[in-house]
Structure formats: structure tokens, C-alpha cells
Amino acid sequence: MKLSDKMKQAGWVILKERNGSYTVYGSNTQEYRYDALRNSWSEDLKTIELALEEDLKGNPSTGSCSGRSPFVISSRLTALNHTKQISQPVKYLCSEGFFTGKSILHLGTGLDRFAGSAMLKAGCSGVADYDPNFFPDRSVLSRKYDIVMAHYVLNILPPADRKQVYALIQQTLNDSGRAYLTVQGIWPVEHKYEILGPLEDGFEIRTGLNRTFRKGYSPEGFLDEIRTELGGTSRILTTFYSNTLAEWCRR
């Protein structure tokens, strides 16, 4: 089996550049670059192959059960390096003063390098990041926070994985806290991606060399899911084009 085929089987994400080079992301912050001009990798090939074999052992599709799957690892890179500024939901919440004096847990941070500093500048008391691949320190999940937020996370996860995110929100949010959750709308999901076919309650799509999951939400459909999974009280704060930012609290 070719090295690239093994990477995709293990759930590694392969991002191709115009000049033929590649950046490859594995689990636990692994990042490797192939330079097409020099025909060389950023790390010794044996090191990459050993890390790859470890991830293949832990891939549910190969018979084990580590909690990692190609869909999940691939989709977690949507927060990525494709932007040079904070996301619209974070920008909105900062500008409206939602973070002032609050402790924040950012779920599904991905490779977003801007959100934390923006929230600190907006007056929050502290930010903790959790992402199974890029910020894997689970100790942050043992604390309670005034705010838990997850932007463009739920819509990239199939139902079983979404339930885990909702469970983390219940687990880590203070009794009087607020969760802020953003999802993609139906139109961008159905028109911006190469859809390979239906998958559970969404679609299997192709993103570059990878296949992953995507679900589009209507505002009403998103509120219905939040109420089903979390109970409590939820409302729509605003929309960004067809994307929805919702607020949830226990009471």
C-alpha cells in the first residue's frame, strides 16, 4: 500500500499545494511537510512511518477502538489556516461583550491561532482550549467554565461524535453558564463541497484528498437538536449568511 493510502486510512489529513508539495496532519499535533522541489520530507521517513503505524493500530476502521476515525480527524481541520483573522462568531461575541470577566472553554479549536488572544483582549478571565488532535490535554475538561463554545464543530461530526460534544458541554459548563455554538447552514454544505453521497444525517464530502462528513442546519433544526440533546433554554443570537450562532443555558 502506498504511503499516502496508509495516511488516509489512518485518518491523516493531506493538504496539497499548487507546486505539488504536501502538508500532512496526523494525530497528537503531528505535522509533516513534503517538499516537491527537493523531493524530501521535513522529518526522517522512518519517523513518519512509525507514527503512521501507531495511528493505524488505533484506527477504529482497522479493528481497534481508540476514538479516532478518518472522518473526525479530517473534519477537525476546518478551523485551520484558511483564515488570517478571528472567525465571525468569535468576533461577534467579543464585540458584544459576552466574554467580559468570564472563563472560557473553547472546544474544537483546531489550528485557530487567533481566537484565544482575541478573547483575552475582549476581557475574559482565561481561555482553555481542547481539541483531540491539536490541544489534547484532557485536564482542562475536569474544570467548570462560565462559557463553553464550539464553532463549526457540530456540523462536521456524525451523530455519535456530536453526542460526545454535547456531553462535554454538560460536563464542563457552570450551572449558571452559557454555551455558544455555531453551525453551517444548509446552502453552503449542499453547494460549496463535492458531495459523494448521503451519510447518516448529513453527507460524505470530498475536501482535497480527504473524505469527511458535513451536515447543514436550518436555525430551527439546530435549536431542535440542542433542545433534544441538552434540554434547558436555547435561542438564536444571530446568523452569518446562512450559518447560525445559538446560545444555550441550563435554565
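Modeller: Let's start with a term: contact means heavy atoms within 4.5 Å. This is a predicted model, where local features need pLDDT of at least 70, side-chain atom pairs count only at pLDDT 80 or more, and totals for chains, interfaces and linings use all residues. Residues are numbered from 1 along each chain as its sequence is written, and side-chain values use heavy atoms, leaving out hydrogens and water.

Colleague: Thanks! Which strands does helix H4 lie across?

Modeller: Helices (H or I, at least four residues) and strands (E, at least two) are DSSP runs, numbered from the N terminus. Angles run from 0 to 180 degrees between N-to-C directions, with axes as lines fitted to C-alpha atoms, for helices over the stretch in contact. Here H4 (residues 88-95) lies across S7, S8, S12 and strand S13 (243-249), at about 110° to S12.

Colleague: In what order do the strands of the open sheet come?

Modeller: Two strands pair if DSSP finds at least two bridges between them. The open sheet has 6 strands in the order S6-S5-S7-S8-S13-S12, with mixed pairing. Strand S6 (126-130) and strand S12 (233-240) are the edges, each pairing on one side only. From one strand to the next, the twist averages 20°.

Colleague: In which sense do S7 and S8 pair?

Modeller: S7 (residues 145-151) and S8 (residues 173-183) pair in the parallel sense over 6 bridges. Val 148 stands opposite Ala 179 in S8. H8 packs on the sheet too, touching S8, S12 and S13.

Colleague: At what angle do H6 and H8 cross?

Modeller: The axes of H6 (residues 159-172) and H8 (residues 219-230) come within 10 Å and cross at roughly 65°.
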